[in-house]
Amino acid sequence: MGRTDYLDRLNDKQKEAAMHTEGPLLILAGAGSGKTSTMTCRIAYLIREMGVSPYNILAVTFTNKAAGEMRERVADLIGEGVNMWILTFHSACLRILRYHAEVLGYGRDFAVYDPTDQKSVIKGICKDLNIDTKKFNPNYFLSQISKCKEARISPKQYCNEFGYDFKEEMVQSVYEKYEQTLQKNNAMDFDDLLLKTVELFEKDEAVLLKYQNRFQYVMVDEYQDTNMIQYTFVKMLADARDERGNVRNNICVVGDDDQCIYQWRGADIRNILEFEKDFPGAEVVKLEQNYRSSANILAAAHSVIEHNRDRKQKKLWTDAEDGSKIIYQRLDNERDEAYFVAGEINRLSGGRYNDFAVLYRTNAQSRTFEEALSRREIPYRVLGGLRYYDRKEIKDIMCYMRLVQNKADNLALVRIINEPKRGIGGKSIEKLTAQAAGQGKSMFQLLMDPEVLSQFGNKQSMALKEFAELIERYSAEKENMKISDLYDALLVNSGYLKALEDQKTIEAESRIENLMEFKSVIYDYEKDEPDLTLAEFMERIALLADVDNHDTDENAVVLMTLHSAKGLEFPYVFMPGMEDGLFPGWRAFDRPDGLEEERRLCYVGITRAKERLWMTSAETRTIYGKMDYTRESQFLHELDKNLIEGDGIYEKKEKSVAGAFKDGAAESAPYKPFDQLKYAKQQTKQRAAAMEKAKSESFKVGDIVRHPKFGEGKVVECTDKTIRVEFADEARKLALGFAPIEKV
DNA sequence: GACATATCTAAAGCC
DNA sequence: TAGATATGTC
């Protein structure tokens, strides 16, 4: 094998990008054009061929999953144990801030507040300021504050920016108070992580210089989704000088302007459109060969995105066959739509479900699909909606741990001071809050003061004292305890577990199960990193997102929004709800380029599909309990009609759909609500058993196997979880234990 | 302070 | 429709 064999796997354009190492580089990577390979090979090339130390490279992504994937693939290329910063924007900033928090007036052990925490803070402030949260939604304040932080508008500048109306002045005072509260609680929100890092760089030149010298090569993934502050962050790092005093600008960004779908969240598409202006002398490489989708799917995607005005000119092409046409089906209502989808999956899956994805516009659409799929007894997983870490019991126990970690965290204290019930109600909490604010002390400090306690009734002061002592004790001992032991101790000694056990309801049962599940999460972390401190552990959890939980090996249909599907791919994709008002959503018209963004979202959806794509719409749809007649999405009309199967478009097909569900069996099966957790556990068990079985059958490379659907094939690759088989038509990766394959 | 009932509101969600 | 929150009652 040659030294640069990994480069040989790239096409010419990819190679060009991977081997461009000095000076600014923009890689315009269309959907499915092998962007991750290109990036990882570039990193390998830097290290192996250019002699750059991994220490000097920074690669930032948006999701942990993307970061993890990149890290893994780089490790594959250059060997294990690479100590390199391949991180999300937020974790990179967090790491930096931990070292220098004092410069900004924060303690090193500052907490990271998630949106739920933020909302509690806002609510508290509204109460203080006598703002009626019925008239003014706390979410409004939050989104305004977030907008400000992304655009670096301080509370003082707020009214300059947005006007001096009554409303704006109110937002300003909430924003101001919000900042004070976080500072006092020694906490930062997600936006702060980025903002404060930039502020740190501005405030302390030595610190900036340190990181500029360290990160001589900066790479940014999904550049089209960066906001102003993220742009500033990378720009400042790239602004480093070399020995001769020239700006280094060794920055490589990868993105696709057609996939910018987060403008509503502050992403600034101009960052990518104007990269060449920002970084003079930038080289631009376009990756236009698509390795993912059939030609028809690609053409369909193109026919839609073409309707956008502001885009970089490029056109994806492929060597792949035309493949199937896109199937469009209009149905009576959203139930029929879901049954149609479930029926199609049932018809085609052959027991293999993780090839299928249902990608909808809004989370609310998931319900009907859950129902239809569970009637068919098709395993599925819903991503999004309620985050695992947003569950009450998990948040509660996390707050215990947070308080132990950072006693100034008043928010955590308020959340758990009466959880389990200790007889501490709103009045007592108000009293404490007021005194803490008055004396400039943390609420926890007050609880340790006998004089403060004496203001409360006998029963209450006992309870408060006990609570404070519990926290104090474990705060002192946390360094000497394993995280899992601390977790147990808090759960038991706080009485939290017992309170749940005493309830003896199904709901409490499931909460306990969740808590046990969480403990196994802790075990996993401890196993991987025995030296992990409590603080570090909490950080990992805080920065975890939902898509990070997507396990491609799990044999289940995936249900998620189009947004979370970005970056993923599936052989079979369903896009339901192709209706005006839903997709594109009505709100798209609130923003000037809203419709274009929706169209990009449609493009993202279509390009997730490798082999087949279904689109459906419902003639009537019930939203929020109200039934409405719908009109077919304008995107359907933009789609090249020659690529759509049959003549079903724009007219309802006669009941072929209902037929998919009229086999009786499914109809008579009672609907039972689907228990995610139970299912997950069952799956884990089944999977373990199935894998055992698969191991005992021990497939080897070269074996001839039979699949009821795909026929006979030869095993070409075998890992402990998956097996790759070359069938007559093509090679397929199958999940061991789930794929109905047998040795011949 | 705890529990039951009435009322309100509703995208997308990286980190 | 369903969930989260505000209000009322014991």
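Helix α15 (residues 295-305) contributes four residues to the lining of the second largest cavity, the most of any element; helices (H or I, at least four residues) and strands (E, at least two) are DSSP runs, numbered from the N terminus. The model is a predicted one, so to speak of local features a pLDDT of at least 70 is needed, side-chain atom pairs count only at pLDDT 80 or more, and totals for chains, interfaces and linings use all residues. Residues are numbered from 1 along each chain as its sequence is written, chains are lettered from A and ligands numbered from 1 in the order in which they are written, and side-chain values use heavy atoms, with hydrogens and water left out.

The volume of this second largest cavity is about 80 Å³. A cavity here is a set of points, on a 1 Å grid over the protein atoms alone, where a 1.4 Å probe fits but cannot get out, and lining residues have an atom within 4 Å of a point. Grid points are joined across faces, edges and corners, and the volume is the space filled by probe spheres set on the points. Among the residues that line the second largest cavity are Leu298, Ala301, His302 and Ile305, together with Asp258, Arg311 and Tyr603. By class, its lining comprises five nonpolar, two polar and four charged residues, where Ala, Val, Leu, Ile, Met, Phe, Trp, Tyr, Cys and Pro count as nonpolar, Asp, Glu, Lys and Arg as charged, and the others, Gly among them, as polar.

In total, six cavities of 30 Å³ or more are found. The largest cavity holds about 300 Å³ of space. It is lined by 20 residues, of which Val112, Met398, Arg402, Met538 and Ala542 are the closest to its centre. Two or more lining residues come from each of β4 (111-113), α18 (392-405) and α27. Ten of the lining residues are nonpolar, two polar and eight charged.

Charged side chains also pair with one another, and the structure contains 46 salt bridges, each a side-chain nitrogen of Lys or Arg within 4 Å of a carboxyl oxygen of Asp or Glu. One of them joins Glu179 to Lys149, at 2.8 Å from N to O. This pair links distant parts of the chain, with Glu179 in helix α9 (residues 166-184) and Lys149 in helix α7 (residues 138-151), 30 residues apart. Both partners are buried, that is, under 20% relative accessible area, against over 50% for exposed and in between for partly exposed (1.4 Å probe, protein chains only).

Arg381 and Glu554 form another salt bridge, at 3.5 Å from N to O. Here Arg381 lies in strand β11 (residues 380-382) and Glu554 in the loop between α27 (534-542) and β12 (557-561), 173 residues apart. Arg381 counts as partly exposed because its relative accessibility is 22%, whereas Glu554, at 9%, is buried. Asp268 and Arg270 also pair, their closest N and O atoms being 2.7 Å apart. Lys35, Asp221, Glu222, Asp225 and Lys566 are joined in a network of salt bridges.

A polar side-chain atom of Lys123 lies 2.8 Å from a phosphate oxygen of DNA strand C.

Conventions. On a 1 Å grid over the protein atoms alone, a cavity is a set of points where a 1.4 Å probe fits but cannot get out, and a pocket is an open set with protein on both sides within 12 Å along at least five of seven lines; lining residues have an atom within 4 Å of a point. A polar contact is a pair of N or O atoms within 3.5 Å; within protein, one must be able to donate a hydrogen and the other to accept it, and residues adjacent in sequence count only if both atoms are side-chain atoms.
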